[in-house]
Amino acid sequence: MNFIYYFSLPVRFLRAWWRSVKRSVFPMEAIEPVIFILFFSVYFFLGKFTLEHSNILTDLKSSSGTYLGYDNIYQLYSNGGDFNPHNPLFNFFHFVKWSITSIVEHFWGTDIRAIFCIIVMNFFVSSGLVCIFRYLRRIAALPKRRAFLLTLNAASCFTTIILSFTVGTFPFSFFFLILSLLVLSTEYMNKGRFNSYTTAVFSFILGGINLNNLFKPLLIHSIFSGNLKEKLKSLLSGTVPLFVCSMLLLGIYSVKNTFSDSKPLKNNYESSANFIKNKHEEEQKYIIMNSFMSNTIMSTPLVPQWADGEKELRPTKYLMGWQYAVPILLFLLCVSSIFLNIRNPYVWFLSLYFSIDIIIHLVLGINIGNAPAFGGHWLFLIPMYIGWIYNKIPIRAYRAIDITMLLITICMITFNTLELYRIADKYLNIF
């Protein structure tokens, strides 16, 4: 009897988690499918343009991580991948990708690998943007036009645009991190607490995609809900299944590598962890400003540089000093929102999520050189933070914030689009 109980636990957790997700996502507003189709169509055009005018996705001779630290070539052509402890369960995506593309190629003789990956990544990024819109409408209680303006700002970020056609873990993390904030915030709004199964399943999914995000749902659960026993139960429910699945996959891949000639994936994490620590103070400030902040939001000019033993497109400085006003203004608006909403639990949820990224990148210096890639783990917090400002400022100040966000978004769209065209025209084909 005990065996049946414990064996059925994962199914029960998933069923309960799905009910919680459905309550947060449905019923949908009529405008939400329109928003999804709009972003999906624009990103699909950009992805198709990149596929047709560069070798960034399909040239096997290119090294991995052609731009901004993304391992796009490896991720595209890997049929099962190597076991990576930083992305312990992402091999399942490679298996699904290989299964579908192999069947199509066998029966129709067409290689759909690149277009399939672009569609999948685009789907998750566009769905994540719809979740941002829903969060701003339901949790922050903003009107449709203002919620769409802030969502458009997130959609215009350089990292968001790049993620829509980049093969890897970040589009998945982008979507599930936003969905987890939406679902957990909805639960807290309705019940004043979180359900253990919700945080456990989200921790399992997020940690399986990228270990950096494992403790984000568990952190807000442990601080804002439950007694010590419930907190411990949530911690074990989220981490133990992930550990067991990871060990099983590690064993399977160890056996596979023993009986095959495949080489383990090159590990650049050690060098990345020391990337910022080995720089002088002025160089550290340069990396933080031009890589961690600026390029995530509005791209600086990218030029080929050597990093971790391979040639990649890396950030430089803005050509015009006033361009720094864009990330600085967004940063100041986010900080203002935190101070204005210091007692707002939903703003604390956002800050606890972001604290993990600050510790990993700015305190420990891990992957700071690839910060635009890792922006997919936190850039969506910007419109969510700014959405809460409207609850604390006078109504007469609303228009000033709206105009500021509109001008910032127009700048981001303009410069990010120009940079995408420039690198496709001049640089991408040299690799």
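This is a predicted model: local features need pLDDT of at least 70, side-chain atom pairs count only at pLDDT 80 or more; totals for chains, interfaces and linings use all residues.
Student: Let's start with helices. What span should helix α5 have, and how far apart are its end C-alpha atoms?

Tutor: The idea is to multiply 1.5 Å by one less than the number of residues. Helix α5 covers residues 113–138, so its 26 residues should span 38 Å, and the end C-alpha atoms are 37 Å apart, which agrees.

Student: And how many of the residues of α5 are buried?

Tutor: Buried means under 20% relative accessible area. In α5, 21 of the 26 residues are buried, so this helix is largely enclosed by the rest of the structure.

Student: Is Ala141 buried or exposed?

Tutor: Exposed, because its relative accessibility is 56% and the cut-off for exposed is over 50%.

Student: Now the rings. How is a pair of aromatic rings described?

Tutor: You take the distance of the centres and the angle of the planes. A search of the whole structure turns up 31 aromatic pairs. Take Trp17 and Trp18: their ring centres are 6.4 Å apart and the planes are at 45°, so this pair is tilted. Trp17 counts as buried at 11% relative accessibility, while Trp18, at 43%, is partly exposed.

Student: Which kind of pair do Tyr390 and Tyr398 make?

Tutor: Planes over 60 degrees apart count as edge-to-face. For Tyr390 and Tyr398 the angle is 80°, with centres 5.3 Å apart, so they are edge-to-face. Tyr390 is buried, at 3% relative accessibility.

Student: Which residues do ring pairs link into a cluster?

Tutor: Look for a group of Phe residues: Phe36, Phe40, Phe44, Phe90, Phe93, Phe123, Phe124, Phe172, Phe175 and Phe176.

Student: What about the surface? Which residues make the nonpolar patch?

Tutor: Phe215, Leu232, Leu235, Leu236, Val240, Phe243, Val244, Met247, Leu248 and Leu250 make a patch of about 890 Å². Val240, for one, lies in helix α11 (residues 228–258) and is partly exposed at 41% relative accessibility.

Student: Where is the cis peptide bond?

Tutor: Check omega: it is about -5° for the bond joining Phe26 and Pro27. Pro27 is in the loop between α1 (2–25) and α2 (31–53).

Student: Last one: what does Ser196 touch?

Tutor: Leaving out residues up to four places away in sequence, Ser196 touches His221, Glu230 and Ser234. Ser196 lies in helix α9 (residues 196–209) and is buried, with a relative accessible area of 13%.

How values were computed: Residues are numbered from 1 along each chain as its sequence is written. Side-chain values use heavy atoms; hydrogens and water are left out. Patches are made of residues with over 30% relative accessible area and no salt bridge: like charges are joined within 9 Å, nonpolar side chains (Val, Leu, Ile, Met, Phe, Trp, Tyr) within 5 Å. Accessible areas come from the Shrake-Rupley method with a 1.4 Å probe; for residues, only the protein chains shown count as cover. A salt bridge is a side-chain nitrogen of Lys or Arg within 4 Å of a carboxyl oxygen of Asp or Glu. Helices (H or I, at least four residues) and strands (E, at least two) are DSSP runs, numbered from the N terminus. Buried means under 20% relative accessible area, exposed over 50%, partly exposed in between (1.4 Å probe, protein chains only). Rings of Phe, Tyr and Trp (its six-membered ring) pair if their centres lie within 6.5 Å; planes under 30 degrees apart count as stacked, over 60 as edge-to-face and the rest as tilted. Contact means heavy atoms within 4.5 Å.
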